[in-house]
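Here is a friendly note to read alongside the model. Please keep the structure open and find each residue as it comes up.

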Amino acid sequence: MAASALRAQHIRVTGIVQGVGFRPFVWRLAQQLDLHGWVRNDAQGVEILAQGSQPSLIELLQRLRHESPPLARVDTVQAQDVVAEPFTAFDIIASQSGQASTAIGPDVAVCASCLEELFDPGNRRYRHAFITCTHCGPRYTVTRALPYDRPQTSMAAFPLCPSCSQDYTAPENRRFHAETTCCPQCGPRLTLLNALGQAIAGDPIAQSLKLLQGGQIVAIKGLGGFHLACDARNSAAVARLRMRKNREAKPFAVMLANSASVASLACIRDDGLLTLLESRERPVVLLRAQVALDAILPGVAPGLLRLGVMLPTTPIQFLLFHEAAGRPDGTAWLNEPQALALVMTSANPGGEPIVRDMAEALARLAGIADAFLDHDRDIVARCDDSVVQVAAGAAQFIRRSRGYAPAAIRLPHSGPSVLAFGSHLKNTVCVTRGPQAFLSPHIGSLDNAASCRFHDETVQRLCDLLDVKPQLVVHDLHPDDYSTHAALAYAQHHGLTTLAVQHHHAHIAAVCAEHNWQGPLLGLALDGFGLGSDNTAWGGELLHVDGAHCERLGHLRPLPMPGGDRSAREPWRMAAAVLHTLGRNEAITSRWPGPAAATVATMLARQFNSPNTSSLGRMFDAASGLLDISHTMAYEAQAAILLEQAAAIYIEDHGWPAPMPGGYSVCDDGQLDLLPVLGALIDASDVGQAAAVFHATLVAALADWVTDAARATAVTTVAWGGGCFLNALLSLHLRQDLVQNGITVLAPMRTSPGDASIALGQAWVALH
């Protein structure tokens, strides 16, 4: 082509375009379109200088926008004509540093191509525990800084061998510029250690499986930290893990080899469930059991009908199942049922952050793990497993972490950078940069020093990784939360302004952020606790929200909480509060004999240490206590989960019941009174039926409440948030009723409805 016919364009691509094979993708397009020039990573994303004919340049831009590698997400493609000397080839050139405005992708599971190599005895990466390529493997948890290049990851300690270097520089190879590329000659190494940190001889995978099958507990290093693993079919091993971890009844997740292995245990006929299970993000998915779990997996999910299931994510996990299958050649075995079932739970003492290195493991898992399957690739960032369920026909996050975080949530416009410190429970933090909000992986409840340190570490890591200097700090209204103290200290240290955002306003604002909602809407915030603007305990709120403005239109009729926070752990106390409110205080001691009941009755009668709450979470507890489903809780929301389960069993056999006549009322002051339906539970004889009718009445009450507010305000869109919306019966049937009443429903989709979304909502309010 004559030089005069050449055009040149400078092209900028933003989004998740580093560490996903985007530069090789651009190189291949250039070869196909006969373009010359170069491509490189820089702090803003991918930068291209392309030179060629006008039709080829037009096609390049179209294909950049509409075609991309599997793990990429293209946000913008901007092009500008430039003048350049003629190039003779198209090259991938060295990355350029600068102020970051690109993003790093989340970690994902091993791809099918790598699995074929992993189980091919003729391949040089056969059974290599760190096999990866541009389409799979770690990203966020190994990255120290952007742009994403090997020297800025924890793979910097492993120089490429000649063979891997050839893969890395061969354009036709899928490891072309794959920064985590390695092989058995140049990659990290596995080591199996005993409880004292001494090496155990033999193949680490084979010996680990032998220990697991012998009933031992093995801590296994994963992508974002260690898991504690044991044989899920060995009741003694499961019981030992519970005792050592001080986890009395909270269910464990189970890892199975493939979906064929899941089918005998749990229902995956729903295509959405199967898609979630086999997705590259590989979350823990809550599934309805096919069989009595207590009989086939004793102790794994005590008393529950749902099982948390995950499929292997890392090569190490796949290799354990491969070993158990007898090391078959090829991948056909991955389509066949496998017997091995492993409990896989975060390696941490209860409530603390996940352990990420051997020094921590030996100190914090002493007395818990019998052995440690370790490796020498550093975990830069902790990251727990994500947990999802299907509710109202859509995937719903219970915990958004590995595989999804910190993928950005697009905002409708840019603004000053905001740093939001989140809530006290299920904490995450959020950083905004331009038109993007980055919500951190799961941090947890800030109830101990280790979790607070992890919170501070995550704040600093996100700001450093994204190269952001916050201009505004946001926190919860509660003055005693650690997240509030940390926010104020950070702001003081950096000379920044702070903003306090009420908890339930943040819940609704998070949904607005997800849906890019501009303008007024109704907000239905239903959870366990959030400090209200009147300094009382809220949790059943009907709001009018318009950006930074929030007005409380109504709330659930309050109930007293005898003993304060203790009522959130002992549902019988909330049941006693219902009796007292109905004028039956004397019945408390006859229903629950003992000194505690007498004390509670006296506290309620004297209104001593019994603050009021409008929380729907506490009303679920009251219902569970009145039906004798749960008197005390071994883990958060246990009473509500068992109440929902009792209702679901009845509904499966009898269908959705009619709401209780007169079971609720909407008062003139906007209060929704559920006391009548709660009172009907006191002497209920059929627990399942009563639980189902309670749910049906609650749904009808909430639908009427919202519909009345919509008529009064002429606002016909409602956003909902709060942990109570993890109740699938509530979410499904309330949505149906509201839609029938002409109400548009906005629900959390990319975040959890629980407190993990609070930081996003805080940031949204601050930007408004």
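1. Let's begin with R63. This is a predicted model, and in it R63 has a relative accessibility of 17%, which is why it counts as buried; the cut-off for that word is under 20%. R63 sits in helix α2, which covers residues 54-66. Which residues does R63 touch, leaving aside those up to four places away in sequence? They are F25, L29, Q32 and L33.

2. Next, please look at helix α12, residues 449-465. Its 17 residues reach 24 Å from the first C-alpha to the last, close to the 24 Å expected at 1.5 Å a residue. At the start of α12, a side-chain oxygen of N448 comes to within 3.3 Å of the backbone nitrogen of A450. Just after the helix, D467 has a positive phi of about 55°.

3. The pairing of α12 with α13 deserves a point of its own. Two packed helices are described by the angle between their axes and the distance between the axes. For α12 and α13 the angle is about 45° and the axes are 11 Å apart, so the two helices are oblique to each other. Their crossing is right-handed. On the α12 side, C452, H455, D456, V459, Q460 and C463 take part, and they meet Y482, S483, A486 and Y490 of α13.

4. Now turn to helix α19, residues 638-654, and helix α21, residues 687-713. Their axes come within 7 Å and cross at roughly 100°, which makes α19 roughly perpendicular to α21. The contact is made by L643, E644, A646, A647, Y650 and I651 of α19 with G688, Q689, A691, A692, F694 and H695 of α21.

5. Finally, α19 itself. This helix has 17 residues and reaches 24 Å between its first and last C-alpha, close to the 24 Å expected at 1.5 Å a residue. Its buried residues include Q638, L642, L643, A647 and Y650, and what covers the buried residues of α19 includes α15 (571-581), α18 (616-626), α21 and α22 (728-740). After α19 comes G655, with a positive phi near 85°.

How values were computed
Residues are numbered from 1 along each chain as its sequence is written. This is a predicted model: local features need pLDDT of at least 70, side-chain atom pairs count only at pLDDT 80 or more; totals for chains, interfaces and linings use all residues. Side-chain values use heavy atoms; hydrogens and water are left out. Helices (H or I, at least four residues) and strands (E, at least two) are DSSP runs, numbered from the N terminus. The expected span of a helix is 1.5 Å times one less than its number of residues. A polar contact is a pair of N or O atoms within 3.5 Å; within protein, one must be able to donate a hydrogen and the other to accept it, and residues adjacent in sequence count only if both atoms are side-chain atoms. Axes are lines fitted to C-alpha atoms, for helices over the stretch in contact, and angles run from 0 to 180 degrees between N-to-C directions. Angles under 35 degrees count as roughly parallel, over 145 as roughly antiparallel, 65 to 115 as roughly perpendicular and the rest as oblique. A crossing is left-handed if the near helix is turned anticlockwise from the far one by less than a right angle, and right-handed if clockwise. Contact means heavy atoms within 4.5 Å. Buried means under 20% relative accessible area, exposed over 50%, partly exposed in between (1.4 Å probe, protein chains only).
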